[in-house]
Amino acid sequence: MANYKEAPLATRPKTLDPAEYFNLSPEYRRSEEDRAALRSRLKRQYLLQLNNPHRQELIEDPALTRWIHARGKNVYPNFRPTAKTSLLGGLFGVLPLFVLYFVFKTDRDKREAKMKAGTYERPYKLST
């Protein structure tokens, strides 16, 4: 911390501020220790429940609950399904499939018609 030099256009990070380390009141330090102790007790209780080989009930994982809740919400609030987005999705997603199908099918039909008429010459000869 003694070798830290502040950037000319940025403020000092809060974690490197000496007032955060040295000028703390005893009540604030006590409350921080209490919060840390509570967090460690909750973590220990959860790990004991999680690693219990004889458990019968489900364990509610708060992180998993938050993840499921966030997954269920609309993560892209700027996207709204409208006529324009549906049209663009059809143009770029579905239409190319039908066009490719039509191109390959017509080419195959023309080739088969030439084969039946006997006018088709194979570009690659498989046998010599």
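**Exercise 1.** In which helix does lysine 110 lie, and is lysine 110 buried or exposed?

*Solution.* Work on the predicted model, where local features need pLDDT of at least 70, side-chain atom pairs count only at pLDDT 80 or more, and totals for chains, interfaces and linings use all residues. Residues are numbered from 1 along each chain as its sequence is written, and side-chain values use heavy atoms, without hydrogens and water. Locate lysine 110: helix H4 holds this residue. Helices are DSSP runs of H or I, at least four residues, numbered from the N terminus. Next, take the relative accessible area of lysine 110, 59%. Buried means under 20%, exposed over 50%, partly exposed in between (1.4 Å probe, protein chains only). Lysine 110 is therefore exposed.

**Exercise 2.** Check the span of helix H4 against its 35 residues.

*Solution.* The expected span is 1.5 Å times one less than the number of residues.

**Exercise 3.** Where does H4 bend?

*Solution.* Compare axes fitted to the seven residues ending at a residue and the seven starting there; the angle between them is the bend. H4 bends by about 40° at leucine 95. Proline 96 follows within four residues. Leucine 95 has a relative accessible area of 42%, so this residue is partly exposed.

**Exercise 4.** Which residue just after H4 takes a positive phi?

*Solution.* Step past the helix: glycine 118 has a phi of about 85°. Then compare lysine 110 with tyrosine 120. They are ten residues apart in sequence and 9.7 Å apart in space, C-alpha to C-alpha.

Terms used:
Helices (H or I, at least four residues) and strands (E, at least two) are DSSP runs, numbered from the N terminus.
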